Amino acid sequence: MRSIWNGAISFGLVSIPIKLVNATESHAISFRQIHTEDGGRIRYRKFCELEDREVSGQEIGKGYEDADGTIIPITDEDLARLPIPTAKTIEIVAFVPGDRIDPLQMDAAYYLAAGGAPAAKPYTLLREALKRSNKVAIAKFALRGRERLGMLRVVGDAIAMHGLLWPDEVRAPEGVAPDTGVTVRDKELDLADALMDTLGEVDLDDLHDEYREAVEEVIAAKAAGEAPPEAPAPERGGKVLDLMAALENSVRAARESRGEQPAKEAEVKPLPQRGSRATPKETGGKKSTSTAKKTAAKKTASSAKKSTAKSGRAGTGEGTGKSTAKKTPAKKTAAKKTGSRKRSA
């Protein structure tokens, strides 16, 4: 990473050469100004008011405009010779607990890289001292033409520095909070707590810039000569005036988004009246099997009765004519055979 400032950390009588590098980077999509009629680039050219001509960057310097409009030139050499110790030094002035720093004071973040092999030992000493103390270092440094306040803390094996706003640069929240008296009920707080528990925690690494991705899709579509994707129509929901209803709906929607099943309400069914036959609830399974068995038993019993009745009628001579005719010739034949045997004897 390219350094943007070279100097040293002043830790008492210990001096640690360091290089300042940016700890963050912007992934925002930048646009150019164009002429809407022909798409030509709009450029800003720098002109000198006295000579009325365009000047290059090498000819441009700094100047302070006085109250009467007079411009006082200030060179980089003037700033480098400022009579302050923080011109090229990050001067540590105190060590405090991290929770003493108001997040409103947080500004840009930087990494402090050791400036060469000689700085390795004192750099490691300061890092380990910060780790063991569980504190952060408050320092003063000068950058980009002004003295600033900074907070040094350990990030992994490196020392990071957060630029801090001066306390008088943080505005008080006057006129921001509601100026009317509002009473919050315990039930509303309970629903708010339930909503917070349902939403749960999130891994910040899983979050990403959806707006930038959508802009990239639009750029890619237009570059390919295609129509850009359209945003879905927003859902038109009724205006909720009841805070309790809004909280309940929020909790229900949060649970559904996490895949949780909503709680089912108890279903009340009327009991059957006395003397009326209840319709069987199930048509399959064990109940249907037992019913089939009872039906089969009834059929078997009726078949048995019918067969018994037929056999009884046959025994009393009420059988069919065919069966009687068949039995009669058989008896006559047997008698003839017996008579012939006696004669031969």
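Which residues have the most contacts inside the largest nonpolar core? I started there, keeping in mind that this is a predicted model.

**Entry 1: the main core.** I looked up the largest nonpolar core and found 20 residues in it. I9, I18, I90, L112, L152 and M161 are the ones with the most contacts inside this core. Then I checked which elements give it two or more residues: β1, β2 (14-22), β7, β8 (106-114), α2 (120-133), β9 (135-143) and β11 (158-164). β9 supplies the largest share, four residues. My background note for this entry: nonpolar side chains tend to be buried together in soluble globular proteins.

Entry 2: I picked L152 and listed its contacts, leaving aside neighbours within four places in sequence. The list includes I9, I90 and L112, and also I159, A160 and M161.

**Entry 3: aromatic rings.** I searched the whole structure for aromatic pairs and got one. It is F11 with F95: the ring centres are 5.9 Å apart and the planes sit at 70°, so I wrote it down as edge-to-face. F11 is in strand β1 (residues 3-11) and F95 is in strand β7 (residues 89-97), so the pair ties together parts 84 residues apart in sequence.

**Entry 4: helix α5.** I moved on to α5, residues 243-257. This helix has 15 residues and spans 21 Å from its first C-alpha to its last, close to the 21 Å expected. Which of its residues are buried? I noted M244, L247, V251 and A254. They cover an arc of only 95° around the axis, which puts them on the same side of α5. That made me recall the general rule: an α-helix has 3.6 residues a turn, so residues three or four places apart point the same way. I also looked for what covers the buried residues of α5, and α3 (186-199) is included. Just after the helix, G259 has a positive phi of about 85°.

**Entry 5: the whole protein.** Last, I went through the totals. I counted seven helices and 11 strands. Of the 345 residues, 14% are buried. The accessible surface comes to about 29000 Å², and carbon and sulfur atoms account for 54% of that. Among contacts between residues at least 6 apart in sequence, 59% join residues at least 24 apart.

Key. Residues are numbered from 1 along each chain as its sequence is written. This is a predicted model: local features need pLDDT of at least 70, side-chain atom pairs count only at pLDDT 80 or more; totals for chains, interfaces and linings use all residues. Side-chain values use heavy atoms; hydrogens and water are left out. The expected span of a helix is 1.5 Å times one less than its number of residues. Buried means under 20% relative accessible area, exposed over 50%, partly exposed in between (1.4 Å probe, protein chains only). The arc is that of the directions from the helix axis to the C-beta atoms. Contact means heavy atoms within 4.5 Å. Accessible areas come from the Shrake-Rupley method with a 1.4 Å probe; for residues, only the protein chains shown count as cover. Rings of Phe, Tyr and Trp (its six-membered ring) pair if their centres lie within 6.5 Å; planes under 30 degrees apart count as stacked, over 60 as edge-to-face and the rest as tilted. A nonpolar core is a set of buried Ala, Val, Leu, Ile, Met, Phe, Trp, Tyr and Cys residues joined through side-chain atoms within 4.5 Å.
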